Amino acid sequence: MTRPPRFDAAVEEVARVAAAAPDWDALAAAARPCVACPELAATRQHVVVGDVPAGGRPRFVLVGEAPGANEDETGRPFVGRSGQLLDQLLAEAGLDRAEAAVLNIVKCRPPGNRTPKASEVARCSGWLRRQLELLDPPVVVALGLSSAKWFLGPRTVLAQVRGRAHDVDGRAVWATYHPSAAIRFGPSGAPRAGLLADLTAVAGSLA
C-alpha cells in the first residue's frame with residue numbers, strides 16, 4: 001500500500017507568497033530570499049529567478065532544470081557552456097533569445113549539480129507557476145527530462161513526447177533535450193541534432 005504524500009508546509013507557503021506577487025519585480029524580490037529548501041539555501045550564492053525580455057510579453061519561454069555553477073555565481077540562467085550552446089542553436093533555428101524568457105523549474109543550484117529532489121521541485125513550483133501566469137507565454141520549450149516531467153507528468157519519456165507541441169493550460173509546450181545532453185554526446189550526437197530540430201519546429205510554429 002502506497003502512502004499518501006506527506007504534507008509539506010513549505011510548498012504551500014511558497015505558493016501563497018508567489019501568488020500574491022502582482023508583477024515580475026515583486027515576484028523576483030520575494031523569491032530571492034527563499035529558504036524553503038534548507039540544503040539549497042545553505043550552499044547557493046544566488047537564487048536564479050530568471051531572465052525576461054526588456055519589452056513586455058515573451059514570444060516563448062525556455063524552462064530548464066536548475067542553475068549550474070556559472071548561473072549560481074552570476075545569478076542568471078544559462079550563461080555557462082550549456083547556455084552558450086543554447087544561444088548558438090537558437091540562432092541556427094531562427095529564434096532570438098532576447099525575445100524569450102529563460103527560467104528553471106528549481107531556482108537554486110543543487111550541490112554538485114545533482115538532479116533536484118522531488119521535494120525541491122515541489123517547493124519551487126509556486127515560483128514557476130506564478131512566473132508563467134505573469135508572463136503568459138503562448139509557447140514553452142521544456143529543456144530536459146526534469147522540465148518535461150514538470151509540464152507533462154512524472155511518467156514522461158522524452159523520446160515519446162518530443163517533436164510536437166502539447167497543450168498544457170492553453171499553452172503549446174514542446175519538450176526537448178537539455179543543452180547539457182547535447183554537450184555530453186558531442187556535436188554529432190543525437191541530442192544536439194534533436195534539440196536543433198525541435199527549436200526549428202518551434203520557430204516554425206511562431207512564424
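I began with serine 147, which I found in helix H7, spanning residues 145-152. I kept in mind throughout that this is a predicted model. I then looked up the exposure of serine 147, and it counts as buried because its relative accessibility is 0%, under the 20% cut-off. Setting aside neighbours within four places in sequence, I listed the contacts of serine 147 as Val63, Gly64, Ile105 and Ala142.

Next I turned to charged pairs, and a search of the whole structure gave 13 salt bridges. One of them joins aspartate 8 to arginine 123, with the closest N and O atoms 2.7 Å apart. This pair links distant parts of the chain, since aspartate 8 sits in the segment before helix H1 (9-20) and arginine 123 in helix H6 (residues 118-135), 115 residues apart.

I also looked up arginine 57, which forms a salt bridge with aspartate 136 at 3.7 Å between the closest N and O atoms. Arginine 57 lies in the loop between helix H3 (38-43) and strand E1 (60-64), and aspartate 136 in the loop between H6 and strand E3 (139-143), so the pair ties together parts that are 79 residues apart in sequence. Aspartate 136 is partly exposed, with a relative accessible area of 38%.

For arginine 97, I noted a salt bridge with aspartate 87, the closest N and O atoms being 3.0 Å apart. Arginine 97 is in the loop between helix H5 (81-93) and strand E2 (100-104), whereas aspartate 87 is in helix H5. I recorded arginine 97 as buried at 16% relative accessibility, and aspartate 87 as partly exposed at 33%.

Last, I noted that salt bridges with shared partners join Glu39, Arg114, Lys117 and Glu120 into one network.

Methods. Residues numbered from 1 in each chain as written. Predicted model: local features only at pLDDT ≥ 70, side-chain atom pairs only at ≥ 80, totals over all residues. Heavy atoms only, no water. Helix = DSSP H or I, 4+ residues; strand = E, 2+ residues; numbered from the N terminus. Buried < 20%, exposed > 50% of the residue type's maximum accessible area, 1.4 Å probe, protein only. Contact = heavy atoms within 4.5 Å. Salt bridge = Lys/Arg side-chain N within 4 Å of Asp/Glu carboxyl O.
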